[in-house]
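Please look at the sequence and the 3D structure shown here, and keep both at hand while reading the report below.

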Amino acid sequence: MRPTETARALILAVALSVLASLAACGSATHEHGDQVHGTRAAHVPPAPPQRAKKKAVPGLPGMPPVLDPQDVYAADRPNRLSPVVKDFPSRIYVPNTESDTVSVIDPKTYEVVDTIRVGRQPQHVVPSWDMKTLWVNNNRGHTLTPIDPRTGKAGRSVDVHDPYNLYFTPNGKYAVVMASLDRELAFRDPHTMKLLKTVPVSCYGVNHADFSLDGRYFIVSCEFSGELLKVDTAQMKVVAQQRLPFRGAMPQDVKISPDGKRFYIADMMADGMWVLDGDTFARPELLPTGKGAHGLYVSRDSREMYVSNRGEGTVSVFDFTQNRLTKKWHLPQGGSPDMGGVSADGKILWLSGRYNSEVYAIDTRTGVQLARIKVGSGPHGLAVYPQPGRYSLGHTGIFR
C-alpha cells in the first residue's frame with residue numbers, strides 16, 4: 001500500500017474511533033431522559049442539594065447550643081414539650097398581689113381549681129431553669145415559694161430579699177433576682193437560692209430582662225428612672241447604661257426578636273415599645289402600640305408578638321417580618337391586660353387583668369375573648385405551664 005493510502009487509512013480509522021466515542025457519550029445520562037439515536041437514556045437521580053450548614057453560635061459557656069441562629073425561639077414550637085414537663089398537668093398559675101394567693105386555673109374548663117396561700121405581695125410565678133419548679137416571687141414578704149408543677153403543691157418558702165422578679169442565666173449557673181427597691185441584681189444559686197454575688201445598680205426599679213441570642217449579655221429595664229442596663233452575664237457586671245429619650249418613661253417587659261438583632265421594651269408611659277440594638281446599645285426608637293404598653297409575648301411560630309396595652313384594654317399584634325403592627329384586639333367591656341403567656345399549642349394568649357381581679361383567655365387566631373375568669377385581687381405575672389422549650393430564662397416563662 002502506498003504511503004498516501006496508508007495515511008488515508010489511518011485518518012479514516014481515527015475518525016471512526018472518534019465517532020464511536022461520541023456515540024457512546026451521547027448515550028450517557030441526561031437529566032430529563034433525553035432520546036439519543038432513538039434509545040432512551042438511563043435515568044440517574046440528581047445528587048440531593050447540599051444544605052447550607054448553620055453557623056454555630058459561640059454561646060455563653062455551658063449554655064445549650066443555639067438550635068437556629070435565625071430563630072432564638074426555635075425550641076418553642078407548638079406542643080414540643082420537654083420530657084421533663086410533658087406529664088405535668090396544664091395549668092394557669094396567677095399570683096394575686098393584693099390577696100397574697102396564687103389562683104390555679106384549669107385551661108380546659110376555664111375554672112379556678114385551687115387557691116394557694118403564699119407570702120406577701122406575690123408578683124410573678126417563674127419557671128426554674130431546669131423547668132422542675134415554679135417560684136412565686138413574694139416581693140414584700142421577702143421570700144420565694146416553690147410550687148411543684150407535677151402536683152400543684154407548694155413547698156417551704158425560701159428567704160430572699162426583695163424578689164420582685166426572677167431570671168436564670170442561659171447556662172443555668174445562676175438565678176438573678178431583680179431586687180427593685182434594693183436597687184440591685186442578686187446572683188444566687190439556682191436551686192437553693194443562696195446569695196452568691198450582689199451587683200448594685202444606679203437606676204431605680206430594675207424589673208424585667210431578656211438575654212441576647214448567645215446569652216453573653218442581657219438587657220434590663222429600670223421602671224422608675226426610665227433607664228436601660230446592659231449586663232455582662234459571665235462577669236455579672238453592668239457594662240452600659242442609658243436613659244430612654246422620653247420624659248417620664250416607665251419601661252416594663254423586655255423581649256428579643258427571633259433573629260436576635262433587636263430588643264423590644266414595653267413602656268407604659270410612652271404607650272409603645274422601644275426598639276433597641278442590643279449589641280451597639282445605641283439610642284432606641286419608639287413604636288407606639290397603645291396606652292399602657294406592658295407585656296410582650298412571642299407566637300409559637302415566631303412570626304408575631306402580642307403586646308398587652310394595660311391602659312386601654314387592648315392587645316396589639318406586631319409582625320416581625322413586616323416590622324410593623326398588623327392588628328389590634330379589643331377586650332369586650334375593656335380591662336387591664338398585663339402579664340401572662342401563650343398556651344403550649346399556641347392557640348390561646350393568657351393575660352392577667354391587673355386592676356379587674358380577672359384573667360383573660362384570647363384566641364390568637366382571631367383575637368376573640370374566650371373567657372374572663374374571676375381571681376384574687378391584683379393579679380399580675382401569671383405563668384402558663386407547662387410550655388415548650390428546653391430550658392427557662394425565667395419571668396413568666398421565657399423558653400429556649
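## Basis of the report

The model is predicted, so local features are described where pLDDT is at least 70 and side-chain atom pairs count only at pLDDT 80 or more, while totals for chains, interfaces and linings use all residues. Residues are numbered from 1 along each chain as its sequence is written, and side-chain values use heavy atoms, with hydrogens and water left out.

## The protein as a whole

The secondary structure comes to 1 helix and 31 strands, where helices (H or I, at least four residues) and strands (E, at least two) are DSSP runs numbered from the N terminus. Of the 400 residues in the protein, 54% are buried; here buried means under 20% relative accessible area, exposed means over 50%, and partly exposed lies in between, with a 1.4 Å probe and protein chains only.

The accessible surface comes to about 18,000 Å², and 54% of this surface belongs to carbon and sulfur atoms; such areas come from the Shrake-Rupley method with a 1.4 Å probe, and for residues only the protein chains shown count as cover. Among the contacts (heavy atoms within 4.5 Å) with a separation of 6 or more, 46% are between residues 24 or more positions apart.

In the hairpin of S13 and S14, with 6 residues between the strands, Met 193 takes a positive phi near 65°.

## The sheet from S23 to S26

Another open sheet of 4 strands has the order S23-S24-S25-S26, with antiparallel pairing. Which strands stand at its edges? They are strand S23 (293–298) and strand S26 (324–330), and because each has a single partner strand, one side of each is left without a neighbour in the sheet. On average, neighbouring strands of this sheet are turned by 25° against each other, direction ignored. Strand S25 (residues 314–319) pairs with S26 in the antiparallel sense over 6 bridges, and Val 315 stands opposite Trp 329 in S26.

## Residues in loops

Is Leu 181 buried or exposed? Leu 181, in the loop between strand S12 (175–179) and strand S13 (184–188), counts as exposed because its relative accessibility is 54%.

Thr 233 lies in the loop between strand S17 (227–232) and strand S18 (237–243), and is buried, with a relative accessible area of 1%. Leaving aside neighbours within four places in sequence, Thr 233 is in contact with residues including Leu 60, Thr 169, Phe 211 and Tyr 217. His 380, found in the loop between strand S30 (369–374) and strand S31 (383–385), counts as buried at 0% relative accessibility. Not counting residues up to four places away in sequence, His 380 touches several residues, among them Pro 95, His 124, His 294 and Asp 338.

Most residues other than glycine have a negative phi, and most peptide bonds are trans. Met 236, which is not a glycine, has a positive phi of about 55°; Met 236 is found in the loop between S17 and S18 and counts as buried at 12% relative accessibility.

His 395, also not a glycine, has a positive phi of about 55°, is found in the segment after S31, and is buried, with a relative accessible area of 0%. Pro 386 lies in the segment after S31 as well, and a cis peptide bond, with omega about 0°, joins Tyr 385 and Pro 386.

Notes
Two strands pair if DSSP finds at least two bridges between them. Axes are lines fitted to C-alpha atoms, for helices over the stretch in contact, and angles run from 0 to 180 degrees between N-to-C directions.
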